[in-house]
Amino acid sequence: MEVSASLKTIRTSVRKMKPLIDQIRGKRVEDALVVLQFMSRKNALPLLKLVKSAIANAEHNFQLSASNLKVKSVVAEQGPTLKRFQPRAFGRAFEIRKRTCSIKLTVTEIKPTIKKTSASEDTEIATPKEVKSS
């Protein structure tokens, strides 16, 4: 089972986020949390929150165990760019681009869990009521 979480318009560039993403791709979520907690980069905090969000989605929505999850894929994409201007000499203006990025994270089970369902619960047969003819 795959569970995803996404984070949109983080105020950092994709170029600065990619080295952090490469550190957690393919790891167990417990190991990814430890790596991100002790990283000294400011962009590690939003990524840490995203991993925690994906774990919460898996536990709450699909009743999966956090110890049985690993990071399947993490993708950082370019978000909208904020354009600002800075005054320069001789009345000119210099454009400043404040870049943003969006991250999509997918976690999956390491060992698939098998849900036990009894055949009697799933195959109940509804019988139509007998109609009395008068």
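1. Start with Glu2 and Lys72: the two form a salt bridge, with their closest N and O atoms 2.2 Å apart. (A salt bridge here is a side-chain nitrogen of Lys or Arg within 4 Å of a carboxyl oxygen of Asp or Glu.) This pair ties together distant parts of the chain, since Glu2 sits in strand S1 and Lys72 in strand S2, 70 residues apart. Glu2 counts as partly exposed at 46% relative accessibility, and Lys72 counts as partly exposed at 44%. (Buried means under 20% relative accessible area, exposed over 50%, and partly exposed in between, with a 1.4 Å probe and protein chains only.)

2. A word on what you're looking at: this is a predicted model, where local features need pLDDT of at least 70 and side-chain atom pairs count only at pLDDT 80 or more, while totals for chains, interfaces and linings use all residues. Residues are numbered from 1 along each chain as its sequence is written, and side-chain values use heavy atoms, with hydrogens and water left out.

3. Back to the charged pairs. The count comes to four salt bridges. One of them joins Lys104 and Glu77, with the closest N and O atoms 3.7 Å apart. That pair also links distant parts of the chain: Lys104 is in strand S5 and Glu77 in strand S2, 27 residues apart. Lys104, at 46% relative accessibility, counts as partly exposed, and Glu77 is partly exposed with 36%. Glu95 and Arg97 meet in a salt bridge too, at 3.8 Å from N to O. Glu95 is partly exposed, at 31% relative accessible area.

4. Now for the inside. The largest nonpolar core has 30 residues, and those with the most contacts inside it are Ile24, Leu47, Ile103 and Leu105. (A nonpolar core is a set of buried Ala, Val, Leu, Ile, Met, Phe, Trp, Tyr and Cys residues joined through side-chain atoms within 4.5 Å.) Strands S1, S2 and S5 and helices H1, H2 and H3 each give two or more residues to this core, and H3 gives the most, with eight. (Helices, H or I with at least four residues, and strands, E with at least two, are DSSP runs numbered from the N terminus.)

5. Leaving aside neighbours within four places in sequence, Leu105 is in contact with Val3, Ser4, Ala5, Ile24, Leu50, Val51, Ala54, Val71, Ser73 and Val74. (Contact means heavy atoms within 4.5 Å.)

6. Lastly, Ser13 lies in the loop between S1 and H1. At 16% relative accessibility, Ser13 counts as buried. Not counting residues up to four places away in sequence, Ser13 touches Arg99 and Cys101.
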